[in-house]
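The points are grouped by topic.

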Amino acid sequence: MSVLEIKSKIGIDELLGELRQLDATTLDYLVTSLQEEQQKRLEQPAKKMEITQFWVLIDKIDWSQTKGLTILEPLVNAVALLPISEIYQFSERLADLLHQLDGPDFAKALEEDPMGYSADTFLYARCFALAKGQAFYENVLSKTTPLPAAYLESLLSVADKAYTQKTGKSYQYTPSTIYESFFNKDLWGEQAITI
């Protein structure tokens, strides 16, 4: 029975009630099988959106607008047209690209920002660099262009808004890559935050 069938035919409480009626051997088998399935999923890397498709979507950002959410509206609308699995893949690719810019060499550019420098401003600057498109992002990544002291926090909510627009439900997906500041162990080394 698929998750959709379970959700549409019976509620969670009803499902739990049915499971409680299973004998111990069957229940142990079910738990073991579920744990094995969960482990397989954890071992498989999450699928990221094809990079070309991702940049085509990012190019939909309307820089002629003046507010973050208005700028991103065409992108949100385009992502909302994708199948749900591709919205997840968009989140994965976004997280991966933000993670690649999470290093001390990129953060140095913000040290003299009059607004101050924090984990949040560093993340929002990385969002801005990514939102400016592939060429700009790659120039920052190759360190030919410094990370600008410009911020676009709302880029982080694109998948959330697209998913809600598509389904009317809250977005619960968490990318497999941590995009928050100071988590890239390869670039921060001993200074990286670990969980």
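Predicted model: local features only at pLDDT ≥ 70, side-chain atom pairs only at ≥ 80, totals over all residues.

Leaving out residues up to four places away in sequence, Thr-177 touches Glu-92, Ala-95, Asp-96 and His-99. Thr-177 itself is placed in the loop between helix 10 and helix 11 (185-188).

**Burial of Thr-177**
- The relative accessibility of Thr-177 is 18%, so this residue counts as buried, the cut-off being under 20%.

**Packing of helix 6 and helix 10**
- Helix 6 spans residues 84-100 and helix 10 spans residues 158-167; their axes come within 9 Å and cross at roughly 170°.
- Helix 6 is therefore roughly antiparallel to helix 10, a term applied to angles over 145 degrees.
- On the side of helix 6, the residues in contact are Ile-84, Ile-87, Tyr-88, Phe-90 and Ser-91.
- On the side of helix 10, they meet Val-158, Ala-159, Ala-162, Tyr-163, Lys-166 and Thr-167.
- Sorted by class, this contact of helix 6 with helix 10 comprises 8 nonpolar, 2 polar and 1 charged residues.

**Surroundings of Phe-128**
- Phe-128 belongs to helix 8, which covers residues 119-131.
- With a relative accessibility of 16%, Phe-128 counts as buried.
- Apart from neighbours within four places in sequence, Phe-128 is in contact with Trp-63, Pro-148, Ala-150, Tyr-151 and Leu-152.
- Between Phe-128 and Leu-98 the C-alpha to C-alpha distance is 10.0 Å, with a separation of 30 residues in sequence.

How values were computed:
Residues numbered from 1 in each chain as written. Heavy atoms only, no water. Axes fitted to C-alpha atoms, helices over the stretch in contact; angles between N-to-C directions. Helix = DSSP H or I, 4+ residues; strand = E, 2+ residues; numbered from the N terminus. Parallel < 35°, antiparallel > 145°, perpendicular 65-115°, else oblique. Contact = heavy atoms within 4.5 Å. Nonpolar A, V, L, I, M, F, W, Y, C, P; charged D, E, K, R; others polar. Buried < 20%, exposed > 50% of the residue type's maximum accessible area, 1.4 Å probe, protein only.
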